[in-house]
Amino acid sequence: MKDSIIYNIPARLVPVFRGRKMIVRSHDPSEIVRNVTDGERGDISFVRVLSLTGEIDVMMGWGYGIPVELVVSHPCRDLPLLYRYAPLLEVHPIRVSVPLEPGFGKVVKLAVSLGFAVKVEGGQPEESLAAELQRIARFYLHQSTVSEPIEFFHSLFLAFYHQDPLSLWMIQEEDPSLIRFITDQGEETLPGRLAGEGDIQGLAAFLQALRDGTAVEAAECAGCVFLRQCLGYFKWPRKEYRCDVVKELLHTLYSAAEELRADMASLDASGEGEGR
Ligand code: SF4
């Protein structure tokens, strides 16, 4: 349904999309502040700050409560810049998005220690990231100081726990039935890593292919135990990508969810026993 779609737009196009749900992005926080006025705040899902070097004081006195996403492009280079944004938490919920690249784990840990939520982006980690992924999965699962969600770990863990078919496309805000990306030139396209993979006219067919599994690389996905929640997510953009690294991660989250479910079931059982 058109009204339920969220548009990821450049800040200058806010007046054009007034009345529709928006994610507003810019490299320059002051451009966001200039374009998002009190009249639009109800339409804003969140704003994305694409560069961490811009002037941030302008956001302290603006749009109280509007969620802000800080986009880390290069984990090692951008890591120290996160400290600058700590005061902004008094005014806005903050989430850090970080690509699955070497050093992403340090960004996750620092973001969590600063009280920020995290979204890990990108879906085809190299073999060399296997150990770092496992470390961060264990950090998410066992560290008592993690109070903000680390996505996609958090929603996927809950989906496994509740045996919910919530897909990674939705968790990662890349489901084309929910989100559209508006390019800097004003063209409407598919979101996230799907941009350029298909046009809007082909969207219906693409969505159907996602749902019935024909959009995914058949051989490996067909027999995969994680297909229900993954839906071929890690086969984009390179369909020949082998999922060994991500399956190891998914297995860690899945096993922890199963363990928790078993614990809860035995607690329920012992509670019933005591009540008799
Ligand atoms: S983990 Fe890999 S093989 Fe399994 S469903 Fe996802 S993309 Fe397909």
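Author: Gladly! Tyr-233 and Phe-234 are both buried (under 20% relative accessible area, with exposed meaning over 50% and partly exposed in between, for a 1.4 Å probe and protein chains only). Please keep in mind that this is a predicted model, where local features need pLDDT of at least 70, side-chain atom pairs count only at pLDDT 80 or more, and totals for chains, interfaces and linings use all residues. Residues are numbered from 1 along each chain as its sequence is written, and side-chain values use heavy atoms, leaving out hydrogens and water.

For Phe-234 the relative accessible area is 1%. Its ring and that of Tyr-233 have planes at 90 degrees and centres 5.3 Å apart, so this pair is edge-to-face (centres within 6.5 Å make a pair of Phe, Tyr or six-membered Trp rings; planes over 60 degrees apart are edge-to-face, under 30 stacked, the rest tilted).

The whole structure holds 10 aromatic pairs. In one of them, Phe-234 meets Phe-152: the centres are 6.2 Å apart and the planes stand at 65 degrees, so this too counts as edge-to-face. Phe-152 sits in the loop between strand 7 (150-151) and helix 5, while Phe-234 belongs to the loop between helix 9 (227-230) and helix 10, so their pairing ties together parts 82 residues apart in sequence (helices, H or I of at least four residues, and strands, E of at least two, are DSSP runs numbered from the N terminus). Phe-152 is buried as well, at 1% relative accessible area.

Now step back to the cluster. Ring pairs join Phe-152, Tyr-233 and Phe-234 with Tyr-140, Phe-153, Phe-157 and Trp-169. Two members of this cluster, Tyr-140 and Phe-157, also line the second largest pocket.

Among the other residues lining that pocket are Leu-141, His-142, His-154, Leu-158 and Glu-259. Its volume is about 200 Å³. Helix 4 (130-142), helix 5 (153-162) and helix 10 (244-275) each bring at least two residues to the lining. Helix 10 gives the most, with four residues. By kind, the lining of the second largest pocket splits into six nonpolar, two polar and two charged residues.

Note on methods. 1 Å grid on protein atoms, 1.4 Å probe; cavity = no way out; pocket = protein on both sides within 12 Å on 5 of 7 lines; lining within 4 Å. Points joined across faces, edges and corners; volume = space filled by probe spheres on them. Nonpolar A, V, L, I, M, F, W, Y, C, P; charged D, E, K, R; others polar.
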